[in-house]
Amino acid sequence: MVQELPHPFSKYLRSAMMPHIWCSGCGNGIVLNCFVHALDELQLDLDKLVVVSGIGCIGRTAGYTNADSFHTTHGRAIPFATGVKLANPELEVVVISGDGDLFAIGGNHFIHAARRNIGIKVICANNFNYGMTGGQQGPTTPLESITNTTPYGNIEHPFNLVHLAAASGATYVARWTTLHVRRLTQSIKRMLQKEGFCFIEVVSPCPEIFGRQNKMRTGLEMMEWFRRSSVVENFSDPSKAEITSEKIVVGEFVNVTKVSYEKFFHEKLAQINEKAVEW
Amino acid sequence: MTKKRALLSGVHFMNGDIACAEGALAAGCRFFAGYPITPATEIAEHLSRRMPELGGIYIQMEDEIASIAAVIGASYAGLKAMTATSGPGFSLMQENIGLAAMTETPCVIVDIMRGGPSTGQPTLPGQQDVMQAKWGSHGDYATIALSPSSVQEMFNLTIEAFNLAEAYRVPTLLMGDEIVAHMWEKVVVPHASEIKIVNRKKPSASPGKYGPFVPDDDLVPPMACFGEGYRFHATGLTHDEMGYPRTQSSEVQAKLVKRLCEKISRNEDKIVKVEEVMLEDADVAVVAYGIVARAALSAVRKAREAGIKAGLLRLITLWPFPEKPVAKIANQTKAIVVPEMNCGQIVREVQRAAKTTPVSFLSKLGEEPHTPKEIFESIRRNA
Amino acid sequence: MTEKVEPESEEIRIGVYVCHCGLNIAGSVHCEDVAKFAATLPHVVLAKDNRYTCSDQGQEQIKNDIKEHRLNRLVVASCSPRLHETTFRKTCEEAGVNKYLFEMANIREQCSWVHLHDIEAATEKAKDLVKMAVAKAALLQPAEEIEVPIIRKALIIGGGIAGIQAALDLADTGYKVYLVEKEPSIGGMMARIDKTFPTMDCSICILAPKMSDAGHHPNIELLTQSEVVEVKGYIGNFHIKILKKPRYVTKDCSACSECAKVCPTIAPNEFDVGLAIRHAIYTPFAQAVPSTFTIDMALCLNKDGVIVCDKCIKACERQAIDFEMKPETVELEVGTIIVATGADVFDPSVLPQYGYGKYPNVITSLEFERLINAGGPSSGHLIRPSDMKIPKRVAFIQCVGSRSERNKRLYCSNVCCMNTIKDSLLIKEHWPETELYVFYVDIRAYGKGFEDLYKRARKEGVMFIRGLPAYIIEDRKTRNLLLVGENTLQKELYKINVDMTVLSIGLEPRKDSEIIQRLLTLSRTQDGFFMEAHPKLRPVDAATGGIFFAGCAEAPKDIKDSVTQASAAAARAGILMAKGKVTVEAITPLSYAEKCKLCGLCTKVCPYNAITLNRELKRIEIIEAACGGCGTCAAECPFGALTQNHFTDEQIMAQIDAVTEYNAEKKIVAFCCNWCAYAGADFAGVSRMQYPPSVRIIRTMCSGRVATKFVERAFAKGAAAVLVAGCHPGDCHYINANYHTQKRVERLWKKMEQNGLAKERLQLLWASAAEGERFASKILEMQEIVENIRQEEIEKAKKIFQKASEGN
Amino acid sequence: MPERIMHEPLDGKKVKKPKAEIHIISDQCKGCGFCIEYCPKKVLEESQEINARGVHPPKIVDESKCIICSFCTAVCPDFAIFVVEKPCKEAC
């Protein structure tokens, strides 16, 4: 066992912040891993990258990536990122946050950013509950699941995030689990090379908080669920992309070309300034 | 270059909202994010036309929360950014005004005050948000708040607000009211070259060394922007000077919060602006701000005609509170009259500063501000 | 679906012609008497005898009589209908009489020739036969043959040389062709062979151009890694379902093989019989068509849709790798099908005496082909597996899995002799010093240029020793092999030491032949290869219409024969598609809706799935085009709701009654299927085999048509014995209809036993068209019964089957 | 193809497997076991040692079986394991 060599991805991480705060078996580390893996494969200029996150366990990701990063208030990562992207379209702006942050308190921002087609890239780690606050029911908590606030089983219908994103107008929509690291990495690469609003949902294990209350005490057990249940159905109907204990539909669901808000805006600028000169 | 695309200059007839918008442009603001709300809507409408002409960004967000968040983002990306709203929107913004304070984000928030609470009186003036401007968001922090009382000042103070925001890396609030916003007046716009513009300090340290929250002697840290190669981190969590979360450390917390407040209080003298009228020999002083100050001025003149030695202290800066100017007049006058379009907000600060000098409060709520007569009566009573 | 045609009200006027056929008939039958007798029969308005009815004058006379005497039914008593029915049917049509109003009495093959020396009996029998024909003729109905359109597209199953050739021929003719291959590449066995005999061409060199032609032909659609899973429909209108397995590599693949270089998993390459390795992502051989690589998911590390290893994905510049590919079902509509599924090779590891699999230096002829092949694992160097050294002495053992009772492979595999001779010459060519021994049973060098090659081999010093080794002993140290056996020419034992032994393995039917057989309703020979419609005259047609054979699927063949047969099959299929339509003989079922109880039995017994039960409309529906015309449905229907056109119950009953009207107790009523038993009886006649004249043959298309009530009727009318004769099981011309015959006969036997009747009075015979002897001896055997049967027995049967004698 | 395969591939020995060098940063490991469970060649197993975080990091069972697919590296949430290919002079 040799140890002198540094980890190949260490240059993408803020050594001062390592090790991360996440529990053993938590999928957030895999999301971060795949994200930097994609950066590595794309040889992306880190000086032009901005990572924005909201509140929640995964919200720490911004702090861990060795790029310009901002850890906003709960739910506000997307509008903050919108400001950044519009102010400097040269920047690659990536929002990495959780299901509660992006789709409960931040839900309105998400659908409008998608509608406007702002050129920001959103990765959502979906762990089915509010992990950081100790495991409360959230917008993606499956029906009948047990959480600290649904002790008798969840009676709220969860969001189908890929359906929501597709319906809101995202130009790229994919879902993978933390077991599909290769596809997730490729998917992130594809997303980073696209124009307009993109969204990837990563179904991620939360063994300590969610799993514990739902008969999946370890990360391995949750990963086994993913292995057992996930089926790759690329470009299938997002509205049918279910997540149940029997079936997790993963894949790329949307990949279309649509002019981004910022590009559109600057085209307009050019036009009106043409006119202005004529006057 | 055609006239339309340039910044304005010369003499113009406009309303307060437009003056504010033009002031922002003159100050170098190139990003506006907002959400329609009376009586601030014209600012957005005007900028939606003017921003593009000057190559700036205008965007209407899904709500005021998003608007302020976008403004903070734009500021970190290097643009001077502003949003404008009124009471209800101002309340929604408080969360991220706190974030702006915590992350020391230079930005301007315009609050055109209307009758509250809640939806209140959308089309009528008020001064009920001035305390919210100080205490609106949770936790201890300091902001700067200015109060224009004319359309000309809507223009001037907007520029001033940007300069202060940039100088002190602090969210700066322009607390206008429905009347100054909708009133049409003559505005003299100096040529761009004659307007003083302050820009944020850029770091001298190389990317490797740079800490985003390492303060200079004035307690204000130089500010790098995204994409400049500094690869820094900022967070709403309690953080050290490198910007990294230190949620468990009491000394980091104490150091940080103190500095956030002191970078304003220590620079109070440089920040605070007041207007003093006929105070040299005054027995009775009126302390007023915003639109009310204009009624107060004519009331003071009336009193002088009636042989009462009255004077006016007009607060241009509301926050940090002009402690010293108020204390000064308190020493030389018998009484102080404070008219406000609320149930008594700034008056408490005046009382605190005036110490023993009696302060009488003149409240006005509803569709119109105090008449000069009402204020005159109060002066006479206290003379 | 045909509705019952009401018999025309017009008076029935039958003309009968008794042919002398020179002396062939007249020699042992009094034809004039027969004609006179015929004239007395009901509805007969004219009866003549003439020398050669089939001659032009004979036919002219018939035509004139038809006009002159307003004949509307025709009976000719002459040779076998198998010979001249079509001739006289044409004559009728030319005279304006529907050809289905013609009936023949076979008084030559089944009378004069088999009773040469008993003129009286023969004449009596001839009269009976005419009487039967007239009885049937009176009930004949005119019929129109229906036409079915043919889809001008062909499906070819199997992408070996036969499939490729057939595909190219059809495609060049202008027809759309779907070429289905279950392996990743077309090419089949020929692609694996080094050289071809007798010309010694490089096999792949002459095959590769054809492969790429097939790959790029605008009219050919290749479906590799695909298998036919469902075939519905009938000649001209087949609906095919094909399961296309995922390749996991898209067409963008440039076959640069960078992926294989980085693939971490390896396995033996099946194409090289495991003598070389391949990776999980691979192409079986360099010239593969399509050249697109494929991923062996059983071997790949990426399971359950989780990509663990992405080396190939990273290595692929064109991004042609797609693990998301899923199996797809392709649906096709074709008019014709060519079965070119090829053959397997015999697995010699079942023969312990040769130690294949145990001794490293015992290899098969197929492995040898890969070894000697420049593109093979040893890049053409003949090395022996044990030590990779060039063997000095090599033995070939012939007939391994051919011509052997023990291995249940009685047939000659056809290619092994020449293949060995070719191989021996190849070795001599490169390593002249090598000692070569060929152990054989017979050397079969029957083909063009084969003998020369054989001579050359002997001249080159290849030792041919008659007599296969009894066993092989391996020297543990040297791994050399000692072959021990008897030289049957010199009648002496031999013990020969060699470095390597090549087992010349035979060809055998594909293990999955049953599947193809079931899907396409084909029949197979005892050997297990697919059976052609006629061994001489329809060698590439299947019994099922619209389906043809090419290559080793039909029987072991060499490349030349496979190509020849492929072109023949293509031509046959082409003929159908060029016509664009096909006519079906009007011997299809006829249903009486009012009698039908919707039991659905007919749909179950139909070998062609030509009958479907429409529950909504409460009726059965018959697809004439799909119907083979065996009549099994009519025989099985418990309610008499089905009968067969031109072989109706009434007609057959009439024939039975005609036979049994006088001294039934002296007669055998025989029901013979047109293709085997009846043909067998004809063959007995042709070869002048003599048998008792007591038998009266009623021809049905298939023994499956013989309903129990026919047999019962015969007994009820006092017949001494009844014979039901058909094709051997498995050889049925109507796939499996004769299984139902057997069941029915067994039911009757049981019934007879229960009623204390001698069941041997009913006999079941399987006789092929070639087994005249078998037929003759059966009649001889049954004559015993006829002679020994007691009157009471006959009466008893009459009583028991009483009911059957009433009506139809 | 249906033939039974009875002989060893002649070129079996010629194929050269890359030699892996597995690096485990033990103290960074949180012991989730993903690398162990999902290694296609079962190269790793849980060790008995207890690391700085009080968990059992993986240990190498048979490095020679590793085919450097690097799935362990990709699936590790803690950046605690990676594999490099040994330079040829060591490998061959």
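**Close-up views of a predicted model**

**View 1. Three strands of chain C form an open sheet in this predicted model.** Strand 11 of chain C and strand 12 of chain C, the latter covering residues 237-244, pair in the antiparallel sense over 8 bridges. Within this pair, C:Val228 stands opposite C:Ile242, which belongs to strand 12 of chain C. The open sheet has 3 strands in the order 11-12-17, again with antiparallel pairing. Strand 11 (226-234) and strand 17 (328-334) of chain C stand at the edges and have a single partner strand each, so one side of each is left without a neighbour in the sheet. On average, and with direction ignored, neighbouring strands of this sheet are turned by 20 degrees against each other.

**View 2. Helix 16 and helix 18 of chain C cross at roughly 20 degrees.** The axes of helix 16 (residues 649-660) and helix 18 (residues 708-716) of chain C come within 9 Å. Because angles under 35 degrees count as roughly parallel, helix 16 of chain C is described as roughly parallel to helix 18 of chain C. The crossing of these helices of chain C is right-handed. From helix 16 of chain C, the residues C:Ile652, C:Met653, C:Ile656 and C:Thr660 meet C:Phe710, C:Arg713 and C:Ala714 of helix 18 of chain C. The residues of this contact divide into 5 nonpolar, 1 polar and 1 charged.

**View 3. Chain B is in contact with chain A.** Here 40 residues of chain B are in contact with 38 residues of chain A. Several elements of chain B each supply at least two residues of the side that touches chain A, among them strand 2 (29-34), helix 2 (41-53), helix 4 (87-102) and strand 10 (233-235). The largest share of this side of chain B, 9 residues, comes from helix 3 of chain B, and the residues of the side divide into 23 nonpolar, 10 polar and 7 charged.

**View 4. A strand of chain A runs parallel to a strand of chain B.** Strand 2 of chain A (residues 68-71) is joined by 3 bridges to strand 10 of chain B. A:His71 stands opposite B:Thr235, a residue in strand 10 of chain B.

**View 5. Chain A is also in contact with chain C.** In this view, 9 residues of chain A are in contact with 6 residues of chain C. Helix 7 (181-192) and strand 9 (230-232) of chain A each supply at least two residues of the side of chain A that touches chain C, and the largest share, 3 residues, comes from strand 9 of chain A. The residues of this side of chain A divide into 3 nonpolar, 3 polar and 3 charged.

How values were computed
Residues numbered from 1 in each chain as written. Chains lettered and ligands numbered in written order. Predicted model: local features only at pLDDT ≥ 70, side-chain atom pairs only at ≥ 80, totals over all residues. Contact = placed C-beta atoms within 7 Å. Helix = DSSP H or I, 4+ residues; strand = E, 2+ residues; numbered from the N terminus. Nonpolar A, V, L, I, M, F, W, Y, C, P; charged D, E, K, R; others polar. Pairing = 2+ DSSP bridges. Axes fitted to C-alpha atoms, helices over the stretch in contact; angles between N-to-C directions. Parallel < 35°, antiparallel > 145°, perpendicular 65-115°, else oblique. Left-handed = near helix turned anticlockwise from the far one by under 90°.
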